[in-house]
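User: Please give a close account of chain B: what is its secondary structure, and which residues does its nonpolar core include?

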Amino acid sequence: MWILRQPAPEFFSEEEKRLVEVLLEGILPGTDSSPGASDVGAADYLSRLLALDASEYYEIPKWQQLYRTALPVLDVAAQAQYGGHGLAALSAEERRDLLTKLSQGTLEGVSGFDQKTLFATLRGHCLEGCFSDPRWGGNKDGSMWRWYGYLQKPQVFRRAAS
Amino acid sequence: MIGRAETPTIEKPDAIIVGAGAGGGTAARVLTQRGWSVVVFEKGRLWTAEDFLPYDELHFHEHKTLIPHVDVDPNIYMGGPNFDTPTPSERWWIVNMVGGATMIWDANMPRYTREDFEVTKYLPDGLEGAEAMVDWPWTYDEFQPWFELAEWEWGMSGRAGQAPAQEPMRAGYDYPMPPIRAHSSSQFLIDSFMKAGMKPYFGPHAINSQTYDGRPACSYCGFNQFFGCAVNSRASSANTVLPRAIATGRCDLRTEHCVTRLAFENGKATGVHYLDPDGNEQFLAAPLVFVSIQTIESARLFLYSDIPDPNKMIGHYLTYHAKGDAELTFPLQPAWDLGAEYQPRTAIGSLQLRDLYVIDDRKRPDLGKGGKFSIYDPYTWATPIRLLKGAFLGPDKASIWGDDLRAYMDELRHQGGAYFSFTGDAISLYDNRVELDPERKDPWGIPVARTYYRHHPYERAVSEYCLERVCEIMGDAGGEVRRLLPQTEANPGYGHVHGTLRAGKDPAASVLDENCQSHTVKNLYVLDNAFMPTAGASNPTLTLLANAYRVCSNVSEPR
């Protein structure tokens with residue numbers, strides 16, 4: 001048996017995690033009838049994954065550095081381009097625009113990291129946070145698997161009133 | 001627990017076997033059955049079934065826990081636009097543990113057939129660049145008893161005689177077990193293809209459909225390729241042939257022992273140099289040496305050992321199968337998947353389509369030898385992270401996210417689909433090859449393999465043609481194409497790999513003789529797919545196993 005060591009504390013600060021959550025939700029947005037990255041805690045997953053080290057997976061140190069570098073830069077770039085809105089305050093439309101530019105490497109005011117690499121990394125981590133076993137901290141209570149129908153029949157999803 | 005094998009110590013074995021995977025395990029089985037003593041060297045450790053629990057896609061697949069890590073132990077592919085840029089490549093098919101790649105394989109077990117053994121008859125006349133294509137020095141009929149032995153010793157589920165294009169079997173012969181549970185899409189697919197004069201059939205797998213050989217039937221857990229089997233329903237070297245060899249008391253399985261050089265004197269094998277688990281250099285003598293560590297690795301070991309190579313053949317004629325895949329969705333068909341009880345959640349219930357194994361189309365006289373398809377349900381054939389990371393929502397829509405990703409997932413949940421994975425023959429080319437990398441070394445201090453590879457235009461044409469044919473048939477059945485990826489020219493590496501130490505009758509045109517013994521170093525044998533004179537067009541391991549039974553049953557007594 002292999003047993004996952006529960007990392008503590010998490011890698012991201014509360015502030016960083018809010019920014020990550022916006023980006024991940026943009027990659028897999030939820031609707032009222034289908035869960036998105038925020039509904040299933042994909043950012044919690046990422047924060048716990050990055051608290052692990054190379055003994056779990058050799059790319060983790062590289063990712064730690066990438067996110068630490070990129071998040072503040074993206075936040076500033078968002079403010080410059082979307083009327084003073086930082087990442088956390090972007091509308092769905094603005095978020096889509098930012099991610100589209102990031103995926104094409106055309107976001108202005110960005111330096112210190114490769115935009116396409118960051119986008120691909122975010123996309124991969126979003127899918128992992130949504131579809132990995134709940135033991136990793138995402139896919140909360142297996143809710144994405146239930147809706148998607150992984151190893152079971154697909155089930156109806158209704159977003160809890162907030 | 002992951003650890004060391006505990007077997008009797010044999011100081012003067014009749015034979016040394018390098019590698020405890022498909023070929024090495026089979027060699028240990030056959031040779032000990034003949035009364036010989038063997039030492040098996042395996043550079044990995046012993047993993048038992050429980051080490052694969054809990055099943056977890058992230059840990060085992062995404063984090064590549066069971067394969068060498070590309071940062072420290074890669075192959076170097078000469079890639080880039082001019083095929084001259086050293087590029088580290090991932091090796092999904094290399095598994096350094098007792099059992100080797102049979103510990104994580106898909107366990108698709110088709111036979112190579114007459115069209116593979118006598119390939120030159122099925123190639124178009126005058127095909128440029130195909131001068132090195134040769135018929136195998138054995139026939140399908142000669143291999144039949146060895147196929148049967150492999151199918152029964154390893155335990156295959158399947159059924160003979162389902163379709164005209166299926167592998168021909170001896171009258172009265174059948175697999176030891178019926179096929180594993182079918183996918184819910186099977187009848188729709190069979191009906192659709194029969195309208196076009198083709199017939200898919202349920203393929204053979206080294207996975208138990210019922211209790212067999214003391215191992216239970218498949219539990220349809222949803223974890224197959226890239227995962228270990230924690231209940232031993234899927235056959236491996238470690239749960240079939242090796243335990244039988246060890247039970248004789250004449251098999252010494254040494255884990256964490258890495259063979260670094262093959263030793264020889266006066267044109268005869270004398271033993272192997274190896275690193276023990278503490279990294280000490282050691283030597284063990286034996287009159288016979290069998291190597292089975294996969295095609296690229298065997299070529300690397302031959303090159304590093306300076307095996308005499310008067311005709312510069314070692315490492316050349318490397319072949320990967322021509323691949324290609326297509327995915328369709330059927331807007332008018334409800335999703336096939338009706339729940340966990342109804343169909344296996346992996347590729348294992350797949351249909352095989354062999355009707356294009358030889359292309360016979362008046363409009364395409366330029367095409368002959370083709371290939372076969374495995375047909376999957378796109379919704380369930382792969383675990384979800386892997387599936388969605390690689391998803392397409394149209395031939396030009398990769399790496400989908402946002403609304404496209406939502407749309408794709410909705411299609412999977414609501415509409416039936418079909419996913420076609422092509423395996424086609426390859427044209428053997430001298431320049432497709434393995435060399436020792438001049439810079440990088442592996443964790444044992446040996447130069448890593450450098451590979452040069454470009455697919456021949458014929459293979460790309462075959463892949464495109466066969467994919468178009470199935471897309472047309474599926475289009476008539478109401479399908480819309482979501483993915484269409486024929487083989488391209490480059491290939492950084494792939495698990496179906498063969499040919500670097502070709503076997504043949506002519507010492508001037510081959511590295512091994514007809515019994516897979518080195519032409520230049522007697523008593524040195526190779527049992528992995530490096531022996532294959534040409535690539536064939538099916539999953540190769542059953543043919544590897546049959547050949548290992550053949551070679552080890554025929555090899556002369558030592559001393």
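Analyst: Helices (H or I, at least four residues) and strands (E, at least two) are DSSP runs, numbered from the N terminus. On that basis, chain B has 11 helices and 20 strands. Its radius of gyration, taken over C-alpha atoms, is 23 Å, close to the 24 Å that the globule rule (2.2 Å times the number of residues to the power 0.38) gives for 559 residues, so chain B is as compact as a globular protein of that length. This is a predicted model, in which local features need pLDDT of at least 70 and side-chain atom pairs count only at pLDDT 80 or more, while totals for chains, interfaces and linings use all residues. Residues are numbered from 1 along each chain as its sequence is written, with chains lettered from A in the order in which they are written.

Of the 559 residues of chain B, 56% count as buried, that is, with 20 or more other C-beta atoms, placed from the backbone, within 10 Å of their own. Helix 11 (residues 541-554) of chain B gives the core its largest share, 8 residues.

Contact here requires C-beta atoms, placed from the backbone, within 7 Å. Leaving aside residues up to four places away in sequence, Val289(B) touches residues including Ile16(B), Val18(B), Leu262(B) and Leu524(B). Towards the partner chain, 26 residues of chain B are in contact with 26 residues of chain A. Helix 9 of chain B supplies the largest share of that side, 5 residues.

Note on methods:
Two residues are in contact if their C-beta atoms, placed from the backbone, lie within 7 Å. A residue is buried if 20 or more other C-beta atoms lie within 10 Å of its own, exposed if 12 or fewer, and partly exposed in between; C-beta atoms are placed from the backbone.
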